[in-house]
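Welcome! Take a look at the sequence and the structure below, and then we can go through some questions together.

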Amino acid sequence: MTMTSPTKQVQPSVDAYVEDRAVLDVRGLWKVFGPRSDKVVGSPLEELSRAELKERTGCVAAIRDVSFTVRPQEVFVVMGLSGSGKSTLVRCLTRLIEPTAGEVLLDGEDIRKASDKHLRELRRRRFAMVFQHFGLLPHRRVLDNVSYGLEIGGAKKEARYERAREVIELVGLSGYEDSYPDQLSGGMQQRVGLARALAVDPEVLFFDEPFSALDPLIRRDMQNEVIRLHREVGKTMVFITHDLSEALKLGDRILIMRDGELVQVGAPDEVVGAPVDDYVREFVRDVPRSHVLTTRWIMRPPLPDEPLDGPELGPDIVVRDAVHTVLRATRPVKIVAGGELLGVVTSEEILAVIAESPGKPEEGK
Ligand SMILES: Nc1ncnc2c1ncn2[C@@H]1O[C@H](COP(=O)(O)OP(=O)(O)O)[C@@H](O)[C@H]1O
Ligand SMILES: [Mg+2]
């Protein structure tokens, strides 16, 4: 097992991802619960909506034909209302729940075909999970909770304690090694959960609504903590939440689910700027658009007589961060990428997006 110390890692821009490389590649995934659930996929029943299927057969299609990829080092958020299938989906990815149909490729290998032994190995070394209710062992000290996965993996006491101390420090819990979980606040307990997951140096970290049980302020701290840890250890993360602001804050990309189906996958600005349907539109309607949309979303072609000697900005600058430059400029601001003029932005476009009531302009504020 590699036990390298975390190193600073620069997050590649989305454009730098090699599109065809996926850490996880999920294809046509189904999970049906209920009587004769294996008879649904591949039969005419699979065409039925979740409600119809339930009525006719008593089966619940928790996941319906979902496909997506997770790229190296990205934070991939799965979002949806309660019951939309998020927990089932993430559990299928590690086979804590057996999928009914479809493929789950980890670095190209279909884990649905893995033997029990191989699967245990995968769970020990390459996946780690952080749960909503922490899942700590109450009779074990922080140090022993954090080193638990390493113990299971057969690491010697000294080695696992050394690694555990490292990650305890990483999550800001130095000094609490000998405390028991019930002596810690909720936020601190979840830091232990985080440390335990990081200790095994997994390839992919899965989070299932890890901060839902925490107070809002602690929750915000923990979100920032995840952002910081992600910057420091550069892990691929699959993060489940039902909270849009959390999704927008953490996600490089967001997958939105409804009734077991994938509705939209995209970067935060894509989901907010171009929602595919009313469900997504409703989700994002209260988001301050200037905090999420980038200059790319508000630029327009230059008019024939417009001066083009103004300042330049990139297309991926969040509108909020472009306000100052644009409002101060006496010329249209050019949106430029790779030396190419993509469009211009003036104070008019900036003010339009700031003044806009989120989602449904016709309704007013
Ligand atoms: N073991 C199970 N047996 C039957 N139905 C289940 C089971 N687990 C989940 N479901 C159903 O599958 C759907 C998705 O659940 P879940 O994945 O927990 O959603 P979420 O995590 O988004 O709240 C729900 O309708 C739920 O009732
Ligand atoms: Mg859930």
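Q: Which residue of β2 is the bridge partner of F33?
A: This is a predicted model, where local features need pLDDT of at least 70, side-chain atom pairs count only at pLDDT 80 or more, and totals for chains, interfaces and linings use all residues. Residues are numbered from 1 along each chain as its sequence is written, while chains are lettered from A and ligands numbered from 1 in the order in which they are written. Strands here are DSSP runs of E with at least two residues, and helices are runs of H or I with at least four, numbered from the N terminus. In β2, F33 has as its bridge partner V60.

Q: How many bridges join β1 and β2?
A: Two strands pair if DSSP finds at least two bridges between them. Strand β2 covers residues 60-70, and its pairing with β1 is antiparallel. The number of bridges between β1 and β2 is 7.

Q: In β4, which residue is the bridge partner of L24?
A: β4 (residues 101-106) runs antiparallel to β1, and 5 bridges join the two strands. One of the β4 partners is L105, which bridges to D25. For L24, the partner in β4 is L106.

Q: What is the order of the strands in the open sheet?
A: The sheet has 4 strands with antiparallel pairing. Its edge strands, each pairing on one side only, are β2 and β5 (109-110). The order is β2-β1-β4-β5.

Q: How many of the 10 residues of β1 are buried?
A: A residue is buried if 20 or more other C-beta atoms, placed from the backbone, lie within 10 Å of its own; exposed means 12 or fewer, and partly exposed lies in between. Strand β1 spans residues 24-33 and is mostly covered. The buried count in β1 is 7.

Q: Which element gives the largest share of the shell around ligand 1?
A: Residues count as near the ligand if their C-beta atom, placed from the backbone, lies within 6 Å of it. Around ligand 1 are residues including F33, V60, G83 and K86. Both β2 and α2 (86-93) give two or more residues to this shell. The largest share, 3 residues, comes from α2.

Q: What is the mean pLDDT of the protein?
A: pLDDT is the predictor's confidence in each residue, from 0 to 100. It stays under 50 over residues 1-18 and over residues 359-365. Where pLDDT is low, the predicted coordinates should not be read in detail. Across the protein, 92% of residues reach 70 or more, and the mean pLDDT is 90.

Methods
Two residues are in contact if their C-beta atoms, placed from the backbone, lie within 7 Å.
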